Amino acid sequence: MSSLVKEDLEKKLFKPLSQNLYEFIEIEFSVQDRYYLCVSVTKSEEVKIIMVKHYRIGLDEKYEVTKKWSLNDLQMIDGKEADTDNPFFDLHFKKVYSLEAYSCASKYAFARTVNKLNHAYLKKDLQIVNFDSTYINDDSIWSSNNKDCLVLMRICFYAFNLVCLSLCPLPL
């Protein structure tokens with residue numbers, strides 16, 4: 001499903017703007033409409049963070065840009081709490097925008113993409129706080145191109161360890 005939405009976003013919104021869409025996540029912004037937070041790169045290699053409203057008119061899917069920022073203006077991404085599984089995060093520009101991702105995994109996917117594009121294009125000191133760095137940095141053992149499966153893989157690893165430990169006999 002998400003690959004179809006990404007393809008549709010690229011075709012109807014980003015290609016006409018001469019931008020390449022790298023990542024998008026669904027965010028909880030309004031009860032009535034769907035919103036996506038997108039990360040794209042222009043032909044002049046400027047990284048953009050764009051909030052897009054998704055709605056239908058009849059059978060036709062429509063997309064409208066509601067907010068647009070440059071990655072150069074982003075000062076910090078605050079994941080709120082690194083130790084809990086929550087989808088809330090803040091984007092710090094001149095103003096702080098509090099957002100709720102569809103899932104914790106999509107929040108991490110967004111932060112990974114922004115971090116990766118920052119290293120590739122800007123190389124500025126972008127603060128990414130209150131995230132588990134194991135899932136953000138590409139140099140970690142858990143790094144993969146599989147993105148959203150990273151969190152699930154780590155949870156399964158811990159669950160397996162707990163089961164093994166619970167089956168071990170205790171010495172008397």
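Is Cys156 buried, partly exposed or exposed? Select Cys156 to find out. Cys156 is partly exposed, with a relative accessible area of 47%. Keep in mind throughout that this is a predicted model.

**Stop 1: the sheet**

Switch to the cartoon view and find the open sheet of four strands. Its order is S1-S2-S3-S4, and the pairing is antiparallel. Now colour residues 19-27, strand S1, and residues 60-70, strand S4. These two stand at the edges. Each has a single partner strand, so one side of each has no neighbour in the sheet. Turn the view and follow the twist, which averages 30° from one strand to the next.

**Stop 2: the S1 and S2 pair**

Select strand S2, residues 34-42. Strand S2 pairs with S1 in the antiparallel sense, over eight bridges. Strands of a sheet pair through backbone hydrogen bonds, either parallel or antiparallel. Show Phe24 next. Opposite Phe24 stands Cys38, in S2.

**Stop 3: the helix on the sheet**

Select residues 2-14, helix H1. Helix H1 packs on the sheet and touches S1, S2, S3 (47-57) and S4. The direction of H1 makes about 130° with that of S1.

Which residues of H1 are buried? Show Val5, Asp8, Leu9, Leu13 and Phe14: these are the buried ones. Look down the axis of H1. The buried residues fall within an arc of 155°, so they line one face of the helix. They pack against S1, S2, S3 and S4. Now turn to the other side of H1, where Ser3, Leu4, Glu7 and Lys11 are exposed.

**Stop 4: Thr42**

Go back to strand S2 and select Thr42. Is Thr42 buried or exposed? Its relative accessibility is 15%, so Thr42 counts as buried. Show the side chain of Ser44 as well. A polar contact of 3.1 Å joins the side chains of Thr42 and Ser44.

**Stop 5: the cysteines**

How many disulfides does the structure hold? It holds zero. Select Cys38 again, together with Cys104. Cys38 is in no disulfide, and the nearest cysteine sulfur, that of Cys104, is 20 Å away. Cys38 is buried, with a relative accessible area of 0%. End where the tour began, at Cys156, which is partly exposed.

Terms used. Residues numbered from 1 in each chain as written. Predicted model: local features only at pLDDT ≥ 70, side-chain atom pairs only at ≥ 80, totals over all residues. Heavy atoms only, no water. Pairing = 2+ DSSP bridges. Axes fitted to C-alpha atoms, helices over the stretch in contact; angles between N-to-C directions. Contact = heavy atoms within 4.5 Å. Buried < 20%, exposed > 50% of the residue type's maximum accessible area, 1.4 Å probe, protein only. Arc of directions from axis to C-beta. Polar contact = N/O pair within 3.5 Å; in protein donor to acceptor, adjacent residues only side chain to side chain. Disulfide = S-S within 2.5 Å.
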